[in-house]
Each structure stands twice: as C-alpha cells, then as structure tokens.
Number of protein chains: 2
Amino acid sequence: MKKALQEAEMAFEKNEVPVGAVIVVDNQIIARAHNLTELLNDVTAHAEMQAITAAANFLGGKYLTGCTLYVTLEPCQMCAGALYWSQISKVVFAARDENRGFIKMGTQLHPKTVVQGGVLETEAEALLKRFFIEKRNLN
Amino acid sequence: MKKALQEAEMAFEKNEVPVGAVIVVDNQIIARAHNLTELLNDVTAHAEMQAITAAANFLGGKYLTGCTLYVTLEPCQMCAGALYWSQISKVVFAARDENRGFIKMGTQLHPKTVVQGGVLETEAEALLKRFFIEKRNLN
C-alpha cells in the first residue's frame, strides 16, 4: 500500500484527485498507476482501470486470478465492475468512500474476490483531504 | 442503433462477443467502437468504454452531457459506472442482459441520464445467439 500511496502522491502533483493503485502477484509488483482523469480528459482513467489493463498486459491474459490490488481509495462502481470481470483474488483499499464507493453502491465483485479495507487509511485520507482543501482555496 | 449493430458484427468477425456502440451528439456520430476484450486481453475493453474515451477525446472534455450512447447490449456494472461519471444525457440499448446487466445489478447512472431499452432488440439478440451457438459448436 505504501507504493500505492506513492502513486497517489504523483496524481496529487499533477492536480488529479490523489488515488494510486498497484497490482501484485507472487510478491512482485506487476502494475502501478494513478488517477489521470483530468490530464487524459477521460472518466475511465481511474488508477484501478489503468492498473488492471497494465497487469493483464504483463500477464498476457485478461484474468487476474492470483493477483492482489492495493488501492488508496475504495473503488467506485466502474472499477469494481472491472474487478468483477478480472476475477482478481484480492482487493485491499485504504480510505473508505462513503458516498461513491462500491460497498455503498452495492456493486458486485467476483464471488472469489476477498476484500480488505482500512490499510494505511489515515495516510490516504490525509492526502485526499489536503487535495480538496487546496482545491477549495484556489477557487 | 444500426451503426452500433454494424460495430457488433465487426466484433463477431474478430471472434469477440458481438457488442457494438456509437455515441452521437447533434445527430453526428462522434465515436464508434466494438468489444475487443479477447484481442486486447483486457476486461476493460468493452465497446462502451472505448466509445466513452473516444467521444471525450473528440469533444476535448471528459463530460458527455448532450450525448447519446447507442449500444447493442445492456451495459454491465463497469460500463454503467463509467457512464455515471460521464454524465451522459441518454443511453439507448438493444438487447437486455438479464444476468449481468446494470439494471439487475442495481448500478446507478447519473440522475440526469435517460435510459431506453429494446431498440432493434431482435437483431442484437439474434447476433449474440448466433455467436454463442457457433462458439459451442467449436468446443
């Protein structure tokens, strides 16, 4: 999750909502990404979506069984829907998204996917809060 | 929707689940795409996702207000989640997906998005059925 937080900081520096993600298999990072929705003008460019694409590309297959996603914010409907198709084994997130997170929205993951929340939650939340405070002060 | 069906036929010819999508604004098609999940080894490569990215690229902004998506199969959780973020004005689909469609799954679209189903439903369903029958016969 520390590596995912580093990715989130890279998003912050680019004036993007600071969310970062890494995908790990056999203790090896095979994908790292951060939110680029503003830079790419693309609502689909969430950190998780890019990480899923990159991991599948690395593995040479579209299924991510055996992989773990570490992401600094609870995935949204779109990202959870992509994780469903990927059949990823584990999803670990840091901060909870009480409004638009997949848990509140009832988005279904694959039945084999294990979910864990709250890892480095304080750090991830602090970064998000700092981002939105700076944004507010600029406007 | 006829143009979306043409896209679905292109997917069929590439041995992909035949789903096609176009995005229209002011009676002009600004994006067309078909499912490429097998060819790209990427669960995120649904027709709708590619169309959303292409339309935003065309418009130079990530929001698709004023746009209509025509898609030959009811969107899944992932695609509906992306449509939510895009704030698209209208979603028109052909065939219903009773198992994995966003209606059954309860995925939330943007409150301003209007949904219409069943346009050229018979044609879209026939193409999907033909695809799965051919698949079964090959295995």
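Thr37(A) counts as buried, because its relative accessibility is 8% (buried means under 20% relative accessible area, exposed over 50%, and partly exposed in between, with a 1.4 Å probe and protein chains only). This is a predicted model, where local features need pLDDT of at least 70, side-chain atom pairs count only at pLDDT 80 or more, and totals for chains, interfaces and linings use all residues. Residues are numbered from 1 along each chain as its sequence is written, chains are lettered from A and ligands numbered from 1 in the order in which they are written, and side-chain values use heavy atoms, with hydrogens and water left out.

Thr37(A) sits in helix H2 of chain A (helices are DSSP runs of H or I with at least four residues, strands are E runs of at least two, and both are numbered from the N terminus). Leaving aside neighbours within four places in sequence, the contacts of Thr37(A) include His46(A) and, from the other chain, Lys62(B) (contact means heavy atoms within 4.5 Å).

UniProt, in an unreviewed entry, puts a "binding site" feature at His46(A), Cys76(A) and Cys79(A); its positions are given in the numbering used here, feature names are shortened, and annotations may be inferred rather than shown by experiment. These residues are spread over 34 residues of sequence, yet they cluster in space, with a largest C-alpha distance of 9.3 Å.

His46(A) is in the loop between helix H2 (37-40) and helix H3 (47-59) of chain A, and at 16% relative accessibility it is buried. Cys76(A) is in the loop between strand S3 (68-73) and helix H4 (77-86) of chain A, and it is buried too, at 6%. Setting aside residues up to four places away in sequence, His46(A) touches Cys76(A), Cys79(A) and Trp85(B), among others. The partners of Cys76(A), counted that way, include Arg100(A), Phe102(A) and Trp85(B).

Now for the helices. H4(A) packs against helix H3 (residues 77-86) of chain B at about 160 degrees, with the axes 7 Å apart; axes are lines fitted to C-alpha atoms, for helices over the stretch in contact, and angles run from 0 to 180 degrees between N-to-C directions. That angle is why H4(A) is roughly antiparallel to H3(B) (under 35 degrees is roughly parallel, over 145 roughly antiparallel, 65 to 115 roughly perpendicular, and the rest oblique). Among the residues that meet here are Met78(A), Gly81(A) and Trp85(A) in H4(A), and Met78(B), Gly81(B) and Trp85(B) in H3(B).
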